[in-house]
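Please keep the sequence and the model in view while reading.

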Amino acid sequence: MPKSAKKKRGGSAKTKESEEEKLEKERKKRERAAMLRVMTEESDELYEVAAQLQEDGDLEGARKTFKKAVDTYDEHVPALFSLALLYEREHRMKDAAEMYRRAAEAANNSSNPDYRAMHPRIAGFASSIHVANDNRHGSHAALAEQQLQRDDEVDRKVNEAEAKEQ
């Protein structure tokens with residue numbers, strides 16, 4: 001058999017494989033998109049329930065439901081932001097800063113232009129929890145992270161002092 005015939009067969013098999021690979025990649029992409037839509041819809045529903053609970057004054061129920069929304073879809077910006085606001089209201093500043101940081105990151109990575117536009121404001125909330133006097137270190141999210149590290153250091157020192165007293 002001439003070499004050119006062999007090359008054509010080999011090329012044909014490679015083309016067939018690459019077409020199959022492309023189809024498989026496309027199928028997986030559609031599956032991921034469908035799963036993301038379901039997760040987003042479930043999180044949206046949970047968010048609406050939580051917002052109503054909050055409006056009705058059931059802050060514990062709202063917090064739990066916002067958490068479920070975030071557990072369902074960990075980049076649900078409204079649920080992350082609302083959870084951060086609740087934590088701040090409860091004076092759980094470390095938890096609030098973490099939720100603001102996550103909300104800012106999710107907003108920045110979002111394909112939703114409204115969320116992307118909110119990113120700077122959300123990041124600003126994170127830094128406003130801890131009055132950041134030193135603005136030399138970069139983004140608001142970085143400042144919030146630095147404050148979390150300082151909080152951890154204070155907690156460690158308090159625990160050491162308590163251990164020494166015992």
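Is F66 buried or exposed? F66 is buried, because its relative accessible area is 0%; buried means under 20% relative accessible area, exposed means over 50%, and partly exposed lies in between, with a 1.4 Å probe and protein chains only. The model is a predicted one, in which local features need pLDDT of at least 70 and side-chain atom pairs count only at pLDDT 80 or more, while totals for chains, interfaces and linings use all residues. Residues are numbered from 1 along each chain as its sequence is written, and side-chain values use heavy atoms, with hydrogens and water left out.

**The chain as a whole**

The protein chain contains 6 helices and 0 strands, and its pattern along the sequence is α-α-α-α-α-α. Helices (H or I, at least four residues) and strands (E, at least two) are DSSP runs, numbered from the N terminus. The chain has 166 residues, of which 26% count as buried. Among contacts with a separation of 6 or more, 45% join residues 24 or more positions apart; contact means heavy atoms within 4.5 Å.

The structure holds 2 aromatic pairs. Rings of Phe, Tyr and Trp (its six-membered ring) pair if their centres lie within 6.5 Å, and planes under 30 degrees apart count as stacked, over 60 as edge-to-face and the rest as tilted. The ring centres of Y47 and F66 are 5.7 Å apart and the planes stand at 40°, so this pair is tilted. Because Y47 belongs to helix α1 and F66 to helix α2 (residues 59–72), the pair ties together parts that are 19 residues apart in sequence.

T65 also lies in helix α2. Leaving aside neighbours within four places in sequence, T65 is in contact with L46, V49, A50 and L53. K67 is found in helix α2 as well, and, with neighbours within four places again left aside, K67 is in contact with L83 and Y87. The C-alpha atoms of K67 and L83 are separated by 7.2 Å, although the two residues are 16 residues apart along the chain.

**Accessibility of selected residues**

| Residue | Relative accessible area | Class |
|---|---|---|
| T65 | 10% | buried |
| K67 | 35% | partly exposed |
| H91 | 64% | exposed |
| S110 | 15% | buried |

H91 is placed in the loop between α3 and α4. Its phi is near 65°, a positive value in a residue other than glycine.

**The largest pocket and S110**

The largest pocket has a volume of about 290 Å³. It is lined by 17 residues, and T40, Y73, S110, S111 and Y115 lie nearest its centre. On a 1 Å grid over the protein atoms alone, a pocket is an open set of points where a 1.4 Å probe fits, with protein on both sides within 12 Å along at least five of seven lines, and lining residues have an atom within 4 Å of a point. The volume is the space filled by probe spheres set on the points, which are joined across faces, edges and corners.

The elements that give two or more residues to this lining are α1 (3–55), α3 (77–89) and α4 (93–109). The largest share, 6 residues, comes from α1.

S110 lies in the loop between α4 and α5 (113–129). A polar atom of the S110 side chain is 2.9 Å from the backbone nitrogen of N112. Beyond neighbours within four places in sequence, S110 is in contact with Y115 and R116.

Key
Polar contact = N/O pair within 3.5 Å; in protein donor to acceptor, adjacent residues only side chain to side chain.
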